[in-house]
Amino acid sequence: LEATAENKQRLEDWLPTVELCMGGRLIDALKLASALKPQVVYLLSDGEMGGSALRFATDASQRTVRLHTLGMGVDKPEAAEALQAIAAAHGGTFRLVEPSAAAIQLAAQRPIKYNRQRGNPWGSKMRSR
């Protein structure tokens, strides 16, 4: 979608409905993102992933779009290295990021439901209005 005022408002209205979910669906997420044929993808992750996900994400034949990685909550050097490798495989960049103090305060005031059960990625079956 283009970043029109209407679409920005739709995003602002939709984001509060999103529930946090366990990770582990990197391959599905990258395939879904690629199918949308975007100009660029930003992957926000802690870098914790299995070997098959890392192999898929760094496979040169999967390079369909520039992909930048943002590492949040990265606790291990190998997790940062994985995110760097993914970005490099897709002509993107890697950057460590952390939430601002204001974002942490807002999150404490408005907690978001966190799903600890694995399931379909939230929103992957979402219909457009």
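Trainee: Let's start with one side chain: is Lys-76 buried, partly exposed or exposed?

Mentor: Happy to, and keep in mind that this is a predicted model. Buried would need under 20% relative accessible area and exposed over 50%. Lys-76 has a relative accessible area of 40%, so this lysine is partly exposed.

Trainee: Which residue forms a salt bridge with Lys-76?

Mentor: The structure holds one salt bridge, and Lys-76 takes part in it. The closest N and O atoms of the pair are 3.8 Å apart, which falls within the 4 Å cut-off. The partner of Lys-76 is Glu-48.

Trainee: How many residues apart are Lys-76 and Glu-48, and where do they sit?

Mentor: Lys-76 lies in the loop between strand S3 (66-71) and H4. Glu-48 lies in the loop between strand S2 (40-45) and helix H3 (51-58).

Trainee: Let's move to helix H4. Is Ala-80 buried or exposed?

Mentor: Ala-80 is found in helix H4, which covers residues 77-89. Its relative accessibility is 15%, and the limit for buried is under 20%. Ala-80 therefore counts as buried.

Trainee: Which residues does Ala-80 contact, leaving aside neighbours within four places in sequence?

Mentor: A contact here needs heavy atoms within 4.5 Å. With those sequence neighbours left aside, the contacts of Ala-80 are Val-74 and Phe-94.

Trainee: How far apart in space are Ala-80 and Asp-46, C-alpha to C-alpha?

Mentor: In sequence, Ala-80 and Asp-46 are 34 residues apart. In space, their C-alpha to C-alpha distance is 8.0 Å.

Trainee: Now for helix H1: which backbone oxygen does the side chain of Asn-7 reach?

Mentor: Asn-7 is placed in helix H1 and counts as buried at 17% relative accessibility. Not counting residues up to four places away in sequence, Asn-7 touches Leu-1 and Glu-2. At 2.9 Å, the side chain of Asn-7 reaches the backbone oxygen of Glu-2.

Trainee: Which residues form a nonpolar patch on the surface with Trp-14?

Mentor: Trp-14 is found in helix H1 (residues 5-14), and at 30% relative accessibility this tryptophan counts as partly exposed. The patch has about 260 Å² of accessible area together.

Trainee: Stepping back, in what order do the elements of the chain run?

Mentor: The protein chain has five helices and five strands. From the N terminus on, the order is α-β-α-β-α-β-α-β-α-β.

Trainee: Among contacts between residues at least 6 apart in sequence, what share joins residues at least 24 apart?

Mentor: As background, buried residues make up 22% of the 129 residues, and the chain exposes about 9700 Å², with carbon and sulfur atoms supplying 54% of it. For the contacts you ask about, the share is 82%.

Trainee: One last point on confidence: which element has the lowest mean pLDDT?

Mentor: The mean pLDDT of the chain is 84, and 84% of its residues reach 70 or more. Over residues 123-129 the pLDDT is below 50, and this stretch has four contacts beyond near neighbours in sequence. Among the elements, strand S4 (residues 94-96) has the highest mean, 97, while the lowest, 67, belongs to strand S5 (residues 114-115).

How values were computed. Residues are numbered from 1 along each chain as its sequence is written. This is a predicted model: local features need pLDDT of at least 70, side-chain atom pairs count only at pLDDT 80 or more; totals for chains, interfaces and linings use all residues. Side-chain values use heavy atoms; hydrogens and water are left out. Patches are made of residues with over 30% relative accessible area and no salt bridge: like charges are joined within 9 Å, nonpolar side chains (Val, Leu, Ile, Met, Phe, Trp, Tyr) within 5 Å. Accessible areas come from the Shrake-Rupley method with a 1.4 Å probe; for residues, only the protein chains shown count as cover. A salt bridge is a side-chain nitrogen of Lys or Arg within 4 Å of a carboxyl oxygen of Asp or Glu. Helices (H or I, at least four residues) and strands (E, at least two) are DSSP runs, numbered from the N terminus. Buried means under 20% relative accessible area, exposed over 50%, partly exposed in between (1.4 Å probe, protein chains only). pLDDT is the predictor's confidence in each residue, from 0 to 100. A polar contact is a pair of N or O atoms within 3.5 Å; within protein, one must be able to donate a hydrogen and the other to accept it, and residues adjacent in sequence count only if both atoms are side-chain atoms.
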